[in-house]
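Hi there,

Here is the structure I promised to pass on to you. Please open it alongside this email, and then read on for my notes.

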Amino acid sequence: MPTVLVAGEVAPGLFLGPLSSLDHVRELGITHVVTVLNDPGSMQHDALGSIQQHLVDVEDVEEANLLSQLPDAVAFVAAALGWHTAVAAVAAACVSATSAGTAAPGASGSDDSSSNSATGRGGSNRVLIHCAQGVSRSAAVAAACLLARAALQPATATAPLEPTAAVAELRRHWPRAAPNPGFMAQLELFAAMGCRLLESYVPYKRFLLQQAAQQYQQQGFLDAAMLPQPREAAGSPGSGEVGGGATLYRCRKCRGLVATSDNVLEVEQGPGAAAFRWRKRDKLQREATSGGSGAASSGPSAGEDGSLFVEPLRWMCEAGAEGGAGAADSVTGGATQGKLYCPRCAARLGSFNWAGAQSSSGAWVTPSFQLHMAKLDALSPGPPAALAGIRQPRMLGGSGGGSSSGGVAAAAAQLQAASLADGAVPSAANGTAAADSKGASGTSHDAAAAAAAGGGTENGTADGGYLRYLIFDCDGVLVDSERASCEALRRAILQVTGFDIPHAFPEDFQPVFGMDVQSCVEYYQQRFERPDWGEAAFVAAEVTAAKEGLYAELTAGGIAAFPGVSQLVAQARSLGWGVAVASSGTPAKIAHNLGSSGLAHLFPDPHLIVSAKHVARGKPAPDVYIEALRRLGCSEPGRALVVEDAVNGLFAAKAAGCFAVGVATSLPSHMLEPHADLVLQHLCELDLAAVAPSRAR
């Protein structure tokens with residue numbers, strides 16, 4: 001071995017170094033090299049010889065898209081070092097765009113890992129990851145490898161690993177390691193997705209959208225071939241089958257497919273009408289008062305103001321290619337803004353603006369690609385509404401006993417196929433209706449809305465059904481974080497307003513347990529009569545931003561998971577239940593909680609992790625649970641079991657029509673009992689197999 005440190009062994013068999021380390025590959029016993037440069041010529045180094053190589057073509061700038069190339073690089077390293085579990089998981093989940101036959105904006109990679117994976121079996125193999133200086137790019141790729149090994153092979157990790165911890169581990173062996181801030185943010189996103197790329201994950205969609213906007217701004221054009229194209233998958237409405245997983249949005253005039261629910265971007269709630277100039281503010285307030293189209297809905301699939309915000313799609317470039325009505329408005333034709341036309345009939349469907357546009361709640365969407373629901377028909381993947389509300393007779397047990405669901409599904413398929421063949425116009429999708437806010441406990445209107453959305457009875461109990469879905473709150477249920485969360489809230493409000501709320505834990509925080517930040521701000525503003533704080537929505541935005549950093553500081557030493565979580569999730573999956581998380585926390589906070597506690601691997605699908613940021617109202621309103629039910633595909637709220645630790649959360653669960661279980665981790669049992677169907681002291685006491693049959697009616 002050389003006496004001078006030319007590369008650091010950051011993990012067994014994994015080395016990190018600069019370009020000059022290529023001169024020492026023989027001394028280091030390197031068998032595989034990952035080159036992280038925007039210079040393919042560097043792979044022709046004389047010392048490489050027969051060494052297997054993989055190129056990550058990326059510049060060392062914060063805006064560069066390293067994220068889309070990480071799965072291939074990780075797979076290459078994992079194959080070489082024998083991380084077989086990691087190889088299989090990364091390869092299987094690499095990018096959902098591949099299975100769709102399209103590439104995401106800015107996505108790139110190579111097939112080197114696939115060609116070399118068969119030969120890499122660990123043992124004496126050694127991998128060198130290098131860039132020009134061994135500081136930023138190569139360190140980011142090496143950190144991704146450590147994250148993937150920890151996430152996909154938990155037994156190899158002594159503690160949950162986050163990007164900052166991964167970089168700290170690199171610096172122990174290679175002090176120069178320092179990924180730039182842009183790469184660190186991409187590593188956070190990579191870790192949140194379970195060290196893979198998930199096109200359905202909203203933050204990843206936004207990342208790709210920003211990449212597309214950046215390319216368009218810098219180059220004046222966008223490669224249409226890099227954009228996704230909506231497709232009708234098998235089992236989707238229009239394909240002759242029922243049961244596809246995505247809602248299809250068709251042009252109302254020609255019935256051409258223009259988007260699916262997989263293309264829709266969830267827009268976070270903005271500060272409301274106060275965010276607009278007075279003329280538009282006055283218009284929105286008048287429409288909201290009169291029940292017009294300006295009232296925002298709570299479901300992300302419904303969009304805002306009767307619109308959908310979607311990712312840029314290939315047809316938006318092709319719509320005006322033949323010189324038709326939309327020729328001047330092609331999204332890649334150099335225009336900053338313009339109109340969107342149907343590629344088949346040239347009907348106007350919406351508009352785009354690369355500089356961004358505001359949603360009806362005042363949130364900025366940048367860039368913006370907006371489709372008007374008045375121009376579209378939406379086809380749900382479920383059975384037609386005509387059959388969804390029909391109560392079916394029960395089948396009695398016995399030798400001939402069975403379920404009638406097959407006959408219902410067949411009838412549904414025939415009815416839907418007939419309606420499509422006859423050109424019948426389905427009802428436009430309006431998402432989950434936003435219920436009027438009539439009290440902290442949730443109202444009969446909320447329950448009726450949930451029942452209407454899910455097909456259950458007014459109280460949400462599925463007639464004759466067993467429990468089949470499990471939804472967790474996060475803070476106080478999955479992780480022991482309520483004390484830190486409350487203290488972060490207190491410090492953030494003090495920092496923003498100068499007012500120190502009462503903060504004896506837990507008694508002073510009992511009224512706000514389970515609420516999102518805006519609801520907390522509204523509560524304290526009303527309780528202490530502080531109109532001088534100004535608009536609650538603006539204060540909440542500042543408090544949220546401050547709280548994120550404070551919470552990260554308070555939990556830097558790690559967050560403990562409650563006993564029984566892993567066993568309960570495993571039992572649910574063994575019973576064939578759908579599992580989701582629905583929390584008042586922000587997406588970043590939820591990801592931090594799950595990652596720091598070591599629970600992230602239990603919830604691998606980010607689409608099934610719902611934040612209050614994704615809906616119009618936080619708890620105690622039922623919106624977050626209604627959205628979780630929608631994502632799970634649960635059509636009967638009474639089939640879902642919700643686990644909560646807070647009264648406000650139980651209010652939300654019951655208003656959504658779910659079976660509510662309270663755990664006395666944050667509040668005493670006697671405070672939960674009036675609002676829960678079942679109260680337990682600890683999560684490990686919950687036996688799903690025992691609870692489910694007791695719910696059959």
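Below are the things I found while going through it. Please keep in mind that this is a predicted model.

Let me start with strand E16, residues 578-583. Six of its six residues are buried, so the strand is largely enclosed by the rest of the structure. Gly578, Ala580 and Ala582 point one way from E16, while Val579, Val581 and Ser583 point the other way, and all are buried. E16 pairs in the parallel sense with strand E15 (residues 469-472) over four bridges, and Phe472 has Val581 in E16 as its bridge partner. E16 also pairs in the parallel sense with strand E17 (residues 609-611), this time over three bridges.

Next comes a hairpin. Strands E6 (residues 248-251) and E7 (residues 257-260) pair in the antiparallel sense over three bridges, and Leu257 in E7 is the bridge partner of Arg250. Five residues sit between the two strands, and in this hairpin Arg255 takes a positive phi near 70 degrees.

What does the side chain of Arg255 meet in a salt bridge? It is the side chain of Asp377, at 3.2 Å from N to O. This pair links distant parts of the chain: Arg255 is in the loop between E6 and E7, Asp377 is in strand E14 (residues 376-379), and 122 residues separate them. Arg255 is partly exposed, with a relative accessible area of 21%, whereas Asp377 is buried at 0%.

The structure holds 15 salt bridges, and here are some others to look at:

- Glu627 and Arg631 form one, with their closest N and O atoms 2.9 Å apart. Because they are four residues apart in helix H20 (residues 623-632), about one helical turn separates them. Glu627 is buried, with a relative accessible area of 2%, and Arg631 is buried too, with 10%.
- Asp623 and Arg617 meet through their side chains at 2.9 Å, N to O, and both residues are buried.
- Glu487, Arg490, Arg491 and Asp500 are linked in a network of salt bridges.

Key. Residues numbered from 1 in each chain as written. Predicted model: local features only at pLDDT ≥ 70, side-chain atom pairs only at ≥ 80, totals over all residues. Heavy atoms only, no water. Pairing = 2+ DSSP bridges. Buried < 20%, exposed > 50% of the residue type's maximum accessible area, 1.4 Å probe, protein only. Salt bridge = Lys/Arg side-chain N within 4 Å of Asp/Glu carboxyl O.
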